[in-house]
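This report describes the fold and the local geometry of one protein model. The sequence and the structure are shown first.

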Amino acid sequence: MIWDDALTSYDFGPGHPLAPVRVELTMALARELGVLDKVEPAGCVPATDDELAMVHERRYIEAVRRVSADGRPDFDAGLGTTDNPAFKGVHEASALIAGASLAAARSVWEGSAEHAVNIAGGLHHAMPAMASGFCVYNDPALAIAWLLRQGASRIAYVDVDVHHGDGVQAAFYDDPRVLTISLHESPRTLFPGTGSAGETGAEGTAVNVALPAGCGDQGWLRAFDAVVPPLLHEFGPQILVTQHGCDSHALDPLANLMLSVDGQRTAYAALHRLAHETAGGRWIVTGGGGYELVQVVPRAWTHLIAEVAGHPIDPATPTGEEWRRFVRERTGETAPLTMTDGRHPEFNDLSGGYDPSDPIDRAIMATRNAVFPLHGLDPLP
């Protein structure tokens, strides 16, 4: 567990959806439920300019540093917008998150840990020369780039955020050593407007499952099962990197999918299994989006940390009186009582055939038709 209290200094100001309190409440809940007792804590240091330059252009890093010094916008760098407000210290806060994901990558690559998690990370929209979608430095892409420099030759990245993982895809779009898979809401209805099934990259190593608005646990898990396991088994990565934005939840104010915490927890367990089945257990985990700050993010990511630690939480577990009191004091809101939404996610896999009139099945088949043949796989169920 990579952690430093300063990771919550990534703060775009009052009213911004990416409020650092979501990470603060997650850590408090994980502590309350004893999850943090099951992980080995590790610190981090900010990424250096040379490390950031593995993904980002030098002129952009210099621009972020200038904004960081005086807080003045640089619109060419994407800082000073509604999505990415300029603030003093933005470089230091962003570089620390990048450094935390680099620390996670280092621990797994060097073998000091089998799994590593940076819950404050997952800033997957940042581009080489521009901040985008609340993201300044692209920590998952930096972790992957660092691993490639160490000699890794096959890395898989799976992104379950409701938004397309466009920045990570862009960083490795023409690199067949990196398989990027993103399951997200259709670009027709959600930022960033990319991530169609036809975006396939080098040798089919960019994979996009664009799901229709309104898709819930059953459809989402059916799509995941139809695409992710077969590709990971075929690709055979040395390391699995995953991004776990929980903004796919029905309560999230910025998107339109309808998953529950229970459905998200099911996906975490599936990725854990796949890390062991396909990557020798080497698993690097980040957070991501998620803008229902009290009802969703703390529970989802506490489940995630517990899964990474190998000690999943019973969904019926109460959240704890002390944590609920802290939520009230910190936010003025009423906290959820238990770690479940009361759902029991089940789905029918694609082995029984697909329904061409169903928009979820159409999305699944668009992806399978686009990339499966490039991996020697049959797109038909």
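F134 is located in the loop between β1 and α5 (139-150); helices (H or I, at least four residues) and strands (E, at least two) are DSSP runs, numbered from the N terminus. The model is predicted, so local features need pLDDT of at least 70 and side-chain atom pairs count only at pLDDT 80 or more, whereas totals for chains, interfaces and linings use all residues. Residues are numbered from 1 along each chain as its sequence is written, and side-chain values use heavy atoms, with hydrogens and water left out. The phi of F134 is positive, near 75°, in a residue other than glycine. F134 has a relative accessible area of 9% and is therefore buried; buried means under 20% relative accessible area, exposed over 50%, and partly exposed in between (1.4 Å probe, protein chains only).

The loop between β3 and β4 holds E203, which has a positive phi of about 60° although it is not a glycine. E203 counts as exposed because its relative accessibility is 57%. P192 lies in the loop between β3 (178-185) and β4, and a cis peptide bond with omega of about 5° joins F191 to P192.

## The parallel sheet

Six strands form an open sheet in the order β1-β6-β5-β2-β3-β4, with parallel pairing; two strands pair if DSSP finds at least two bridges between them. β1 (115-118) and β4 (206-211) are at the edges with a single partner strand each, so one side of each has no neighbour in the sheet. On average, neighbouring strands of this sheet are turned by 10° against each other, direction ignored; axes are lines fitted to C-alpha atoms, for helices over the stretch in contact, and angles run from 0 to 180 degrees between N-to-C directions. α4 packs on the sheet, where it touches β1, β5 and β6 (283-286), and its direction makes about 175° with that of β1; contact means heavy atoms within 4.5 Å.

Strand β5 (residues 239-243) pairs with strand β2 (residues 155-159) in the parallel sense over 5 bridges. In this pairing, L240 of β5 is the bridge partner of A156, and Q243 in β5 stands opposite D159. β5 also pairs with β6 in the parallel sense, over 4 bridges, with V241 opposite I284 in β6. Because 5 of the 5 residues of β5 are buried, the strand is largely enclosed by the rest of the structure. In a regular strand the side chains alternate between the two faces of the sheet. In β5, I239, V241 and Q243 point one way and L240 and T242 the other way, all of them buried.

## Helix α9 on the sheet

Helix α9 (residues 297-309) packs on the sheet, touching β1 and β6, and its direction makes about 170° with that of β6. The 13 residues of α9 reach 18 Å from the first C-alpha to the last, close to the 18 Å expected at 1.5 Å a residue; the expected span is 1.5 Å times one less than the number of residues.

α9 is mostly covered, with 12 of its 13 residues buried, including R299, H303 and E307. Its buried residues pack against α1 (21-32), β1, α8 (261-278), β6 and α10 (321-331). G310 follows α9 and has a positive phi near 85°.

## Helix α3

α3 (residues 58-70) has end C-alpha atoms 19 Å apart, which agrees with the 18 Å that its 13 residues should span at 1.5 Å a residue. Y60, I61, A63, V64, V67 and S68 are the buried residues of α3. They cover an arc of only 160° around the axis, which puts them on the same side of α3; the arc is that of the directions from the helix axis to the C-beta atoms.

This buried set packs against α2 (49-52) and α4 (90-110). The exposed residues R59 and A69 are on the face of α3 turned away from its buried side. Just after α3, G71 has a positive phi of about 75°.

The largest nonpolar core has 132 residues, of which I119, V136 and W220 touch the most other members. α4 gives the largest share of this core, 12 residues. Such a core is a set of buried Ala, Val, Leu, Ile, Met, Phe, Trp, Tyr and Cys residues joined through side-chain atoms within 4.5 Å. Not counting residues up to four places away in sequence, I119 touches residues that include M1, W3, W301 and L304.

Q264 lies in helix α8 and counts as buried because its relative accessibility is 3%. Its contacts beyond four places in sequence include C246, H249 and A300. Q264 and W220 are 44 residues apart along the chain, and their C-alpha atoms are separated by 9.6 Å.
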